[in-house]
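Biologist: I have a structure open and want to learn how to read it. Can we take it one feature at a time?

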Amino acid sequence: MVMRSSSPLPRMSRRGRVTIAVLVGVFVLFTLLGWGVQAWTDWLWFDEVRYTEVFTGVLLTRLTLFLVIGLAMAVIVGGNLWLAHRLRPRLRPHSMEQATLERYRMALSPRLGTWIALTAAVVGLFAGLSAQSRWNQWLLFRNGGDFGVKDPEFGVDIGFYVFQLPFWRYLLGVGFTAVVLALIGALAVHYLFGGVRLQGIGDRMSNAARAHLSTLVAVFVLLKALAYVLDRRAMLLEYNEGAKLYGAGYADVNALLPAKEILAYISIVVAIAIIVFSNAWMRNLVWPGISLALLGVSAVAIGGIYPWAVQTFEVKPSAKDKEAPYIQRSIDATRAAFGLGATETTPYAASNLTPPANLATDTSVVSNVRLLDPQLVSETYTQLQQVRGFYDFGPKLDIDRYGVNGKTSDYVVGVREINYGELTDQQNTWINRHTVYTHGYGLVAAPANQVVCGGQPFFVSGFLGERTQEACSSQTEQIPAKQPRIYYGERMAPDDYAIVGQSDPNKKAEFDRPVGEGGGESYTYTGEGGVKIGSFTRRLLYAIKEQESNFLLSEAVNKDSKLLYVRNPRDRVEKVAPFLTLDGDPYPAVVDGRVQWIVDGYTTAATYPYAERVNLQVETTDELTNRGTFQLARENVNYMRNSVKATVDAYDGTVTLYEYDDTDPVLKAWNKAFGGDLIKPKADIPVELTEHLRYPADMFKVQRNLLTKFHVTNPGDFYSAQDFWQVPNVPDAPDSGQKQPPYYLFTQFPGQEGPRFQLTSAVTPNGRQNLAALISGSYVDGKPRLEVLELPDQTRISGPVQVHQQMTNNANIRQQLNLLSSNQAQVQYGNLLSLPFADGMLYVEPVYVKSNQQDAYPLLQKVLLSYGDGGSFVALADNINDGIKQLVEQGKRAGQGTSPPPTTGGNPTSPSPTATPTPGGTNPPPTGELATAADRVQAAITEVRAAQASGDFERYGRALKALDEALTAFQQAQQANNPSGGAPPAPSATPSAGTGG
């Protein structure tokens, strides 16, 4: 007779139970309230942008997965716990073990059903929460179609791997988890109620417990058989260490694939053996244990040792030949998965090392050279076009092209936005922040190839009022916007909501734009955007959401008020299309008189057979990342398409999704998943919008980086890796380790029919710094086109880093650059542009000067140019035209058998102001006109120093121009005074680097 004992679990007092129940109830209430408020406000937001099908589609899918998977997991685990209790033995042998367990049985038995239900509910809850996050896999599984391309090993359509395989593998994982939890739980219940015993006489396990547990083990082994089958397909996605590529290699195909098939059959046999030996015959666990051990040994021997032996003794000694077919598979798959298959590669000899005469008359390349750097001149835009301290243009501007007066050119564009972080303490009240300072004003643009007024951009749009300096900006809006107000922009943080709208038409609360000295116009929002919050219910709802009582208390919120939130264009598109990976650099454009933000959207996948897998964050990070651009998430992908062009209206926030790649199966699946009308067809893209679409930067970076290896299409050459390229570091800071960003240009490359807006990048041979190729991406007839100009092997043409060093280390140019830099100012370098021209290479690098004074901004002061191999013909000039003239003049002299030193300033034949007398000092001091010219040079140098120290860049520009003129006059006096070609002394008063020269 088993003695009853008191329960080991102390009973809680009634007051304690009530307290816990109240706390749990309050927690659940507030949790449900938070979820309810979030769901309701999300619905209102999606209703505002007219994309409720996304909200309901995602929500219902997540709820369905949560309920189905959670309920299935709960039933499996709970059912097995209940079954284990039902199969408990009625009589248990006496032992100390059972006496100890009896106390726990007595405590649990009265409410055992409750404990089982609670356990199953917890398991189901976590399983459901995990499952609901797989909504995207389920929607693709359900709506995905065929790619029309078959994998090279099994002949299965790629669609199976992209749409089906991920969800099948997830379901298999759910099955494993359910069986393991059921097995552990059932074993615990059998042990607690005597079905499994560690002590006492007789069998250690009852027949019922043995049948139950062995069945669960057999199911686990059967799932393992299914796993081996799926593993055979998934092997086409694994990394091949032998070839350093993705996809099954020689050892995988010839050893591991057969091994997986054999192991699948062995697993089925073992599962049957476990059930038979445990229950129908012998009725013990010895033979089932032996069967499991044999499965483990087989997995190690057949699935591990045998493939290793094939790889070590057969593949490694002749890996290049053995892996060649599989390397070819990876090359072909990668080029197909990332849109590299149609890349046009053209040999470019770059054999012309002398500047040609037609360089000075060219109208397709030279006239379109971009001098304004969008990263550097953002400070200039802010200082010159800010007007009020709370306006901002961000750390980086954008490049777009516009047709003005019949000519298409690059323009550096920026939007004058509200920067709430720059509001003063007096301005930064809730009323001001959310109801007064609600919007920015104007898209400001300047031609990228033009500077005025001592190095300033020539502004042509986005003006706030009268323009006083006629020479420094256009007197008319050359890019007019009918609605210039910016309620949605990149500077908007998640909590930067705005409350707009007024009941009284005569009451205008919003600050619109500055007028005069300290004044300003007011405005009332009239757009369609925003969620109406005029009713008390809506105001209460958003008061809870934003945790802000002013929604209820402030008179600024009235019956006609609207709430604008999620105001960052990228965030709006991401919320509307959560299945897209968005480019990190949205850009504004004036389309049909309205400012529109354009955001590129990518469809991606990670299960394209044999394709190279890349990390988007790693591949797209360069010098500009997080400087006006967004860093992409650490997402591993092996398929990528720029399938969507999205627009966000800067005034009313309207989001529109346009299909751009009408052949992408992934986009078709997503569109089908949300009703088929979520994304507008490509034919609906307005013509004026098409004129502003550009090759997306992040897509180009991924493709460029892949092309550094996958331009090699011969498997033998690929294996040797001798022809691989690399992306160079930033030319003016190569030791920083940051990659040189690609740059947008409106230009014409060899083989192109005319100038084209394209994204370009130079690459160098792997481990070397000379130029290997130029890669460009552009749109031709609405289709993306990648082009490669490939230079010959062992070329002597310098790469970007070498060119910058050769130009800036030239003695004459170095001295001139020293004049620009001092303790009061610093030199900054813009984009170094690599331009193919006349079977040679033209390099252009703008030089900016920024004073160290507060609120100073960079001004373009000089342009560095080089032609040929990077060091033979270099020039430093005031502008691009003067620099081209210098290069052409140098080329002419080289053709005549002389090799003049690189020149500086505005005249192609001006000597350096730091020229020194000839050795020996035998020349007499200058006299007459030569002495006068020398004095003029000295005076000009003194004025340069004074202007530089003052921080007045207009004066500084005039001083540099006067210095150039003085140098020209000095050279002419030299030639008149010394026609024999000797070397009379030059001016000697040379500023030093330490004193501003």
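**Reading a hairpin and a helix pair**

Modeller: Start with a hairpin: strands E19 and E20 form one, with two residues between them. Asp 592 in the turn has a positive phi of about 55 degrees. Strands (E, at least two residues) are DSSP runs, as are helices (H or I, at least four), numbered from the N terminus.

Biologist: What should I know about the model itself?

Modeller: It is predicted: local features need pLDDT of at least 70, side-chain atom pairs count only at pLDDT 80 or more, and totals for chains, interfaces and linings use all residues. Residues are numbered from 1 along each chain as its sequence is written, and side-chain values use heavy atoms, leaving out hydrogens and water.

Biologist: In which sense do E19 and E20 pair, and over how many bridges?

Modeller: Two strands pair if DSSP finds at least two bridges between them. E19 (residues 587-591) and E20 (residues 594-605) pair in the antiparallel sense over five bridges. Pro 588 stands opposite Trp 597 in E20.

Biologist: Why is E19 largely enclosed by the rest of the structure?

Modeller: Buried means under 20% relative accessible area, with a 1.4 Å probe and protein chains only. Five of the five residues of E19 are buried, so the strand is largely enclosed. Tyr 587, Ala 589 and Val 591 cover one side, Pro 588 and Val 590 the other.

Biologist: At what angle do helices H2 and H4 pack?

Modeller: Axes are lines fitted to C-alpha atoms over the stretch in contact, and angles run from 0 to 180 degrees between N-to-C directions. H2 (residues 52-86) and H4 (residues 112-132) pack at about 150 degrees, with axes 7 Å apart. They are therefore roughly antiparallel, a label for angles over 145 degrees.

Key. Buried < 20%, exposed > 50% of the residue type's maximum accessible area, 1.4 Å probe, protein only. Parallel < 35°, antiparallel > 145°, perpendicular 65-115°, else oblique.
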